[in-house]
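Thank you all for coming.

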Amino acid sequence: MAETKGLFVTFEGIDFSGKTTQISLLRDRLLEAGLDVLVVREPGGTAISEKIRTILLDRDHDALSERAEIFLYSAARAQIVDEQIVPALQQGKVILCDRYFDSTTAYQGYGRGLDLTIVDTINSFATNGLEPDITFLLDIAPEMAARRRVAQGAAPDRMELQAGAFHQRVREGYLQISRKHSHRFRVLDAARATQDLAAEIWETIRQTIPPSQQ
Ligand SMILES: Nc1ncnc2c1ncn2[C@@H]1O[C@H](COP(=O)(O)OP(=O)(O)OP(=O)(O)O)[C@@H](O)[C@H]1O
Ligand SMILES: [Mg+2]
């Protein structure tokens, strides 16, 4: 794999754990520090990947098979890696990615029960082996995440309509993944106040940025 000089940061966690909230706060801090930032979301982030996203989240797609699902997520990811993430890393940018391949391991592997070895192989093929430098896991009980959804009055998408036991498996899956890849994972209790979490995330990132750029 080509050498890259940027920083690749991913955010993981079940829906309503606060990923997008924290990414937006971190982006602001990075921009204030004068750093070049690219924010992308998965699945999506390119014209082709956004089209794949609409297939994946469509509530009418009950018939989508588990194998088709993992390939669609992976297809969207391959496209964003090639089109956005690798070029931005080569330009020295900080990339903040809202979900990446740990989501596939958590949802399709632990959640749906697909063979974890096969999932790892598909993940590494889709990304050309590009791993994040740092992954923040926003860990939260599915019940609390569901309360946030209700408070926001949001309608659930196809993935969010899965039963509670599914989201519990996904949460546990994420925790297992974080233990396996502890060198890049930072696990955060996502029930904490937004600003506390943002301060801890910024402290972690700040330590990886050369002092001249802070
Ligand atoms: N630490 C927090 N405490 C309380 N509420 C929060 C916290 N962080 C985020 N929220 C609220 O929870 C909701 C979901 O947050 P957010 O959209 O950031 O989650 P997400 O992980 O990006 O969800 P999704 O996967 O559905 O995109 C929002 O209404 C947000 O304001
Ligand atoms: Mg979000």
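Predicted model: local features only at pLDDT ≥ 70, side-chain atom pairs only at ≥ 80, totals over all residues.

How many nonpolar, polar and charged residues does the lining of the largest pocket have? By class, this lining has 13 nonpolar, ten polar and twelve charged residues, where Ala, Val, Leu, Ile, Met, Phe, Trp, Tyr, Cys and Pro count as nonpolar, Asp, Glu, Lys and Arg as charged, and the others, Gly among them, as polar.

Residues are numbered from 1 along each chain as its sequence is written, chains are lettered from A and ligands numbered from 1 in the order in which they are written, and side-chain values use heavy atoms, with hydrogens and water left out.

Let me say what a pocket is here. On a 1 Å grid over the protein atoms alone, a pocket is an open set of points with protein on both sides within 12 Å along at least five of seven lines, a cavity is a set of points where a 1.4 Å probe fits but cannot get out, and lining residues have an atom within 4 Å of a point. Grid points are joined across faces, edges and corners, and a volume is the space filled by probe spheres set on the points.

The largest pocket has a volume of about 860 Å³, and among the 35 residues that line it, Asp15, Phe16, Lys19, Thr20 and Glu160 lie nearest its centre. Ligand 1 sits in this pocket, meaning that more than half of its atoms lie within 2 Å of the pocket's grid points.

Around ligand 1 there are 17 residues, of which Asp15, Lys19, Thr20, Thr21 and Gln152 come nearest; a residue is counted if one of its heavy atoms lies within 4 Å of the ligand. The shell divides into five nonpolar, six polar and six charged residues, and its largest share, three residues, comes from α1, helices being DSSP runs of H or I with at least four residues and strands runs of E with at least two, numbered from the N terminus.

As for polar contacts, which are pairs of N or O atoms within 3.5 Å, an oxygen atom of ligand 1 is 2.9 Å from a polar backbone atom of phenylalanine 16, and an oxygen atom of the ligand lies 3.0 Å from a backbone N or O atom of glycine 18. At threonine 194, an N or O atom of the side chain is 3.2 Å from a nitrogen atom of ligand 1.

The second largest pocket holds about 220 Å³ of space, and of its 15 lining residues, Phe101, Thr105, Asp120, Asn123 and His181 are the closest to its centre. Here α5 gives the largest share of the lining, five residues.

Finally, which residues line the largest cavity? They are Gly13, Ile14, Leu137, Leu138, Asp139, Ile140, Arg171 and Tyr174, around a volume of about 40 Å³, and β4 gives the most, with three residues. The second largest cavity, of about 30 Å³, is lined by Gln22, Leu25, Leu26, Arg29, Ala198, Ile201 and Trp202, with four residues from α1 as the largest share.

Terms used
Polar contact = N/O pair within 3.5 Å; in protein donor to acceptor, adjacent residues only side chain to side chain.
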